[in-house]
Amino acid sequence: MRTFFQSSSMASMRERFQKDGAQDFKDVLKAYKPMGVQGMKDKSQTLIQGGLVCFDGTKETFFHKDEGTGAHADFGKALASLSL
């Protein structure tokens with residue numbers, strides 16, 4: 001739960017709900033199947049965060065490490081780093 005309560009998580013969630021009621025999140029939930037955290041022996045897996053790295057050949061053009069739940073990379077900036 002410590003990553004969920006990061007300020008970046010709250011800001012990201014607020015932005016999504018203000019934008020369109022978090023419709024993308026609602027769409028994903030239709031196919032969501034829980035991992036079954038209750039049965040996991042190693043709870044550390046629940047703290048895994050994501051990120052995004054873009055490369056042009058071997059040159060890194062964009063790097064983002066999610067600071068908290070829902071605090072994802074700006075895909076526009078990621079694509080721009082690749083001149084797309």
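Visitor: Which element gives the largest share of the lining of the second largest pocket?

Guide: Helix H1, residues 7-20, which supplies six residues of that lining. Keep in mind that this is a predicted model.

Visitor: How much space lies in the second largest pocket?

Guide: About 360 Å³. The pocket is lined by 13 residues, and Ser12, Glu15, Arg16, Gly70 and His72 are the closest to its centre.

Visitor: How many lining residues of the second largest pocket fall in each class?

Guide: Three are nonpolar, five are polar and five are charged. When you sort residues like this, remember that Gly is placed with the polar ones.

Visitor: Let us step back. In what order do the elements of the protein chain run?

Guide: Start at the N terminus and read α-α-β-β-α. That makes three helices and two strands.

Visitor: How do strands S1 and S2 run, and how many bridges join them?

Guide: They run antiparallel, with six bridges between them. S1 covers residues 51-56 and S2 covers residues 59-65. For a pair to find by eye, take Cys54, which stands opposite Phe62 in S2.

Visitor: What do S1 and S2 form, and how many residues lie between them?

Guide: A hairpin, with two residues between the strands. Look at Gly57 in the turn: its phi is positive, about 70 degrees.

Visitor: Where do Ala22 and Ser83 lie?

Guide: Ala22 is in the loop between H1 and helix H2, residues 23-29. Ser83 belongs to the segment after H3.

Visitor: Is Ala22 buried or exposed? And is Ser83 buried or exposed?

Guide: Read the relative accessible area: under 20% is buried, over 50% is exposed. Ala22 has 1%, so it counts as buried. Ser83 has 69%, so it counts as exposed.

Visitor: Which side chain makes a polar contact with the side chain of Asp66?

Guide: That of His72, at 3.2 Å. Beyond residues up to four places away in sequence, Asp66 touches Gln49, Gly50, Gly51, Ala71, His72 and Ala73.

Visitor: Which residues is Glu67 in contact with, leaving aside its neighbours within four places in sequence?

Guide: Gln6 and Ser8. For spacing, compare Glu67 with Gly51: they are 16 residues apart in sequence, and their C-alpha atoms are 8.8 Å apart.

Visitor: What does the side chain of His64 reach?

Guide: The backbone nitrogen of Ala73, at 3.4 Å. His64 itself is in strand S2. Setting aside neighbours within four places in sequence, its contacts are Gly51, Leu52, Ala71, His72 and Ala73.

Visitor: What share of the contacts with a separation of 6 or more joins residues 24 or more positions apart?

Guide: In this protein chain, 37%.

Definitions and conventions:
Residues are numbered from 1 along each chain as its sequence is written. This is a predicted model: local features need pLDDT of at least 70, side-chain atom pairs count only at pLDDT 80 or more; totals for chains, interfaces and linings use all residues. Side-chain values use heavy atoms; hydrogens and water are left out. Two strands pair if DSSP finds at least two bridges between them. Helices (H or I, at least four residues) and strands (E, at least two) are DSSP runs, numbered from the N terminus. On a 1 Å grid over the protein atoms alone, a cavity is a set of points where a 1.4 Å probe fits but cannot get out, and a pocket is an open set with protein on both sides within 12 Å along at least five of seven lines; lining residues have an atom within 4 Å of a point. Grid points are joined across faces, edges and corners, and a volume is the space filled by probe spheres set on the points. A polar contact is a pair of N or O atoms within 3.5 Å; within protein, one must be able to donate a hydrogen and the other to accept it, and residues adjacent in sequence count only if both atoms are side-chain atoms. Contact means heavy atoms within 4.5 Å. Buried means under 20% relative accessible area, exposed over 50%, partly exposed in between (1.4 Å probe, protein chains only).
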